[in-house]
Amino acid sequence: MTHPETDVLVLGSGIAGLSTALGAAREGASVTVATKATQPKGASTWWAQGGIAVARKAPRQFKEDIHTASSGTSDPEALDVLVQNADAAVRDVLIDTLGVGFDTGGDGASFHYGREAAHSEDRILHVDASTGRHIHEPFLNYLAAHDRVEIRGDTAAIDLLAQNGTIHGALLKSGDAVQRLHAGATVLATGGIGALYGRSTNPAGATGDGIAMAHRAGAATADMEFVQFHPTVCVVDGDPFLVSEAVRGEGAVLRNAEGDRFMPAVHEDAELAPRDVVARAVEQAHERTGRVVLDVSSFDFAGTFPDLAAMCAEHGVDPSTGIPVVPAEHFLCGGVDVDTYGRASLDRLYAVGECARTGVHGANRLASTSLLEGLVWGLRAGMDAQGTAPREQPVPVSTTAAGSPPSDEALRGAFECLQRTMDVHVGLRRTPDGLQQARHDIRSVEADVKAWTDPSARRGVHELRSACTVARLIAEAAAANETSVGCHYMERSDAPPAS
C-alpha cells in the first residue's frame, strides 16, 4: 500500500514550526505542517506577550545576560548561534517577509525597544503586550498561500515511524482517521508541557507530545528538570492570564497582602531579578500573607499596555487596586537534545522550539528569548532538513491491547491526578521524598493509560499518554539532580543554596 509522502514533515505550528517550514520551502522542499491547533490561539506563540529580544549593537552583553539568567549553565556554542543570527533573522522573516508592525518610538520612525527582567538594556521588539498574535497570524497566512507548503489543522501526531534508529515520518490522527505520512525529515515543533500542571500560561493541549514521541522512539532528552514558572499570572475564577514582565520593566512592583514591597530584600535587581527568583519569592509571600499584587500605579498602565488593560477589564480586575498574581508553569527549558541545527540523536529527526533542548536556556530562560530561539533554530533546521527524499518503509506501529475506552470522567480524573502530583511534588520547590512519591503516582496513572491506548483511541488518551511520559522524565531528572540551580530548587538542609 502506498502512503502519502512529503520532503519535510513539521509537527506543530508555532513560530518554530512555521520558521522550519519557511526555511525548507525556501530551499525547494515540499513541506507538510501537521498541527493539533484549529485556530491561531492553539499555539503558544499566539499568546506570547512581551516580545522578541535582539542583539542590537551589543551582542556580547546580550549573550552575557542570557548566560547570567541561566545561572551560568547555558551552552556557549548555542548562545553564539542565537546571538549571531538574532538580528538578521528578525529583519529577514518578521520585518521584511511578514511586515510585522513592531511598536515605534516617539518619532514614529525608529523601533521602541522594551526591557524585561534580567536584561541589562532595552532590546525587546514588541507590539503592545501581545506580540505573539501579531507574528503568528501573518506567518500562518503567508505559509498557507505558499505553493510548497501544506498546513493540516486539527491533526495530531500520535507516534513517530521509527526503524533502526531512523525516523521515516509520523502516524497522524485527524478525527477518527489514522494515517501514516512518510517524510524525508521529521521536525518536532510541538511546544510546551503546560497541561501537566494545574495552572499554566500555555494553551490547552500542551501535553509534551513531541518529547514523548521522541523518547519512545529512543531519542535523547536533556535538562528535563528545568521547568520555568512565570511569577506574575492573574487567576480569576480559574481562568489564568499572563501579566507580561514588560509591566515590571515599566516600573510595576510586587506587594504582599500587607502592602509591603518584598523583592528588594530578596535580590539586588528586585522585580527584575531572574524569573526563578521572583517566582519563588511570590509563592512564599503568598503563603505568608495570603495575597500578592502587582502595583502598577507608578505609570499609565492603560495607556502603555492597552491589551492587558482590556484583559483585566474582561476578568473584572481593577488595576488601580493592584493586579493579583501567582506563579504558573510557563516554559520547559529542556527537551529533545539537539545540536545547533536542531538535529536530534536519531537520523532524520529534528526538534525546534520549546520541545527542544538547544542549550540556550540552561537552567533558566531569559525573558523574550523563546520566540527568537524558535525563529533561529526553525530556519536552520528547515534549511538542513531539506534534501533528503522520503523513503517508505514497512515500519511497524506499536499497539496495545486496549481495554474498554475510558469514560470522559475517567480521563478527566486521570489528568487531574497527574496535575495534582506535579503541582505538589514537581513544582517551584521540590524534595527528594516528594519526587519519589511523584514517580510512584505518575507510574500509576501511566499504567492505566497503557491499558487504554492503541492508534484508534481518541486524542485525549494519546495526550494523557504523552503527558505521563513527560511528567515521568521531569520527575526522574529532578530526582537525579541534587543541586539547586535556576528553575530546579531542592528544599533540603544539605542542598547548595539556590542561585
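A129 touches Q49, F305 and L308, leaving aside residues up to four places away in sequence, where contact means heavy atoms within 4.5 Å. This is a predicted model, so local features need pLDDT of at least 70 and side-chain atom pairs count only at pLDDT 80 or more, while totals for chains, interfaces and linings use all residues. Residues are numbered from 1 along each chain as its sequence is written, and side-chain values use heavy atoms, with hydrogens and water left out. A129 sits in the loop between β4 (124-125) and α5; helices (H or I, at least four residues) and strands (E, at least two) are DSSP runs, numbered from the N terminus. With a relative accessible area of 4%, A129 is buried, a word that stands for under 20% relative accessible area, with exposed meaning over 50% and partly exposed in between (1.4 Å probe, protein chains only). A129 and E245 are 116 residues apart in sequence, yet 9.5 Å apart in space, C-alpha to C-alpha.

On to helix α5 itself. The axes of helix α1 (residues 15-26) and helix α5 (residues 131-144) come within 10 Å and cross at roughly 30°; axes here are lines fitted to C-alpha atoms, for helices over the stretch in contact, and angles run from 0 to 180 degrees between N-to-C directions. That makes α1 and α5 roughly parallel to each other (angles under 35 degrees count as roughly parallel, over 145 as roughly antiparallel, 65 to 115 as roughly perpendicular and the rest as oblique). I15, L18, S19, A21 and L22 on the α1 side meet I135, H136, F139, L140, Y142 and L143 of α5. These contact residues split into 9 nonpolar, 2 polar and no charged, where Ala, Val, Leu, Ile, Met, Phe, Trp, Tyr, Cys and Pro count as nonpolar, Asp, Glu, Lys and Arg as charged, and the others, Gly among them, as polar.

Helices α3 and α4 make another pair. The axes of helix α3 (residues 59-69) and α4 come within 10 Å and cross at roughly 135°, so α3 and α4 are oblique to each other. From α3, P59, F62, K63, I66 and H67 make the contact, together with P76, L79, D80, L82 and V83 of α4. The tally for this contact is 7 nonpolar, 1 polar and 2 charged. H67, a residue of helix α3, is partly exposed, with a relative accessible area of 30%. Setting aside residues up to four places away in sequence, H67 touches G72, T73, S74 and L79.

What about the nonpolar cores? A nonpolar core is a set of buried Ala, Val, Leu, Ile, Met, Phe, Trp, Tyr and Cys residues joined through side-chain atoms within 4.5 Å. The largest has 59 residues, and those with the most contacts inside it are V31, I52, V90, L94 and L375. Helix α4 (residues 76-97) supplies the largest share of this core, 11 residues. L375 touches I15, S19, I52, A89, V90, V93 and L94, again not counting residues up to four places away in sequence. A second, separate core of 58 residues includes L11, V338, A467 and A475.

Two other spots round out the picture. T166 is in strand β7 (residues 166-174) and is buried, with a relative accessible area of 11%. Beyond residues up to four places away in sequence, T166 touches L161, D347 and R348. In helix α6 (residues 209-217), D209, G210, I211, A212, M213 and A214 are buried, and just after α6, G218 takes a positive phi of about 105°.
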